[in-house]
Amino acid sequence: MKIEGKEYCTIWFDKDQQVVKIIDQTKLPHQFIIKDLKTVKDAINAIKTMEVRGAPLIGGTAAYGIVLAILEKNDLDFIKKSSEELIKSRPTAINLKWAVHRMNNKLSMINSKDLFNVALKEAKEICDEDVKFCENIGLNGLKIIEEIYNKKKDTVNILTHCNAGWLATINWGTATSPIYHAHKKGIPVHVWVDETRPRNQGANLTSYELNEEEISNTIIADNTGGILMQRGKVDMCIVGTDRTLSTGDVCNKIGTYLKALAAHDNNVPFYVALPSSTIDWDIKDFKKIPIEERNSEELSHVEGVDENGNVKKVLIYPKKSKTMNLAFDVTPAKYVTRLITEKGICEASEESLKKLFK
Ligand code: MRU
């Protein structure tokens, strides 16, 4: 998608420089900086510090992380150690583990002289596949938006939470892909963007990328969605997910569950968009999903631009106050109207997911 009119993906390998290029998302929306990852440690650090974030993009970065590991040391033990460290770098989004396992399976029977080329091809394939999947999610989700528009004959108002846009994937996004496709088709859409405290991915990333694609959007405080739904200002909600269980329970950015409850109470359809790499077929009990508890500074400090154009971080809480910062919650399947996947739209249930994918 576009930034200042130029097409980008979120990650790519530069063959001449032998580095992985990323858009440093910790600097957005105030600065657009492309950063080089030269070692597997750089990749781990980029995931940990959220220079890259969003489940599919974390997966893509982990895959390229293994390519970088091979560039450093063409050695299976080093790949194994690096793989373990990559998996540990963020626990909730399942795409990370999925991508690392896929890379290791591919490399397990390969001669050491071919490791680099095979790894590079596989990492690229993981990323290209994600682009295709997200595009298909968009085409499938477009049908839902079209249906609402055909009934309403007026702007379709869509509420989203966090950033499940192209910046969270390789391109297109999950939740935003149907929106981009609708916009390209000329359907008038407007997006209510949840600010998404504490890191403000909604304001800093979703609104930013929608602006760059010239899609009408309005940032709202996280608690505003309920009253908008009561006032009939939301036609549908659509969110992404970091891990969806085969039971249909959806783990996503903290606050998603409350939005789903409000949607349920107001008969607003609540959709979750995901590629199959985000499905966890093993865990059945959502309480067993590892939920990240993050640094309290994410809550107590806020970053912005001062009157001189300098980026600054400031403390906004009383110095002595304690904080708690859980990064994700789980929306039970019963509150999910439908899942939108690359293979089609289905109920949030094991039976329906298996019909599509098994
Ligand atoms: O903490 P983040 O920014 O890595 O959060 C992950 C997400 O971007 C969201 O939860 C998103 O909605 C799902 S990933 C497409």
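Beyond its neighbours within four places in sequence, Lys 106 is in contact with Val 118 and Glu 122 in this predicted model. Ile 238 stands 132 residues away from Lys 106 in sequence, and the C-alpha atoms of the two are 34 Å apart in space.

Helix H6, residues 176–184, is mostly covered, with seven of its nine residues buried. These buried positions are Thr 176, Ser 177, Pro 178, Ile 179, Tyr 180, His 181 and Ala 182.

The pairing of H6 with H5 can be followed in more detail. The axes of these two helices come within 7 Å and cross at roughly 65°, and therefore H5 is roughly perpendicular to H6. The crossing in which H5 passes H6 is right-handed. On the H5 side, the contact is made by Cys 134, Glu 135, Ile 137, Gly 138, Leu 139, Gly 141, Leu 142 and Ile 145, while H6 contributes Ser 177, Pro 178, Ile 179, His 181 and Ala 182. Sorted by class, the residues in this contact of H5 with H6 comprise eight nonpolar, four polar and one charged.

Note on methods
Residues are numbered from 1 along each chain as its sequence is written. This is a predicted model: local features need pLDDT of at least 70, side-chain atom pairs count only at pLDDT 80 or more; totals for chains, interfaces and linings use all residues. Side-chain values use heavy atoms; hydrogens and water are left out. Buried means under 20% relative accessible area, exposed over 50%, partly exposed in between (1.4 Å probe, protein chains only). Helices (H or I, at least four residues) and strands (E, at least two) are DSSP runs, numbered from the N terminus. Axes are lines fitted to C-alpha atoms, for helices over the stretch in contact, and angles run from 0 to 180 degrees between N-to-C directions. Angles under 35 degrees count as roughly parallel, over 145 as roughly antiparallel, 65 to 115 as roughly perpendicular and the rest as oblique. A crossing is left-handed if the near helix is turned anticlockwise from the far one by less than a right angle, and right-handed if clockwise. Contact means heavy atoms within 4.5 Å. Ala, Val, Leu, Ile, Met, Phe, Trp, Tyr, Cys and Pro count as nonpolar, Asp, Glu, Lys and Arg as charged, and the others, Gly among them, as polar.
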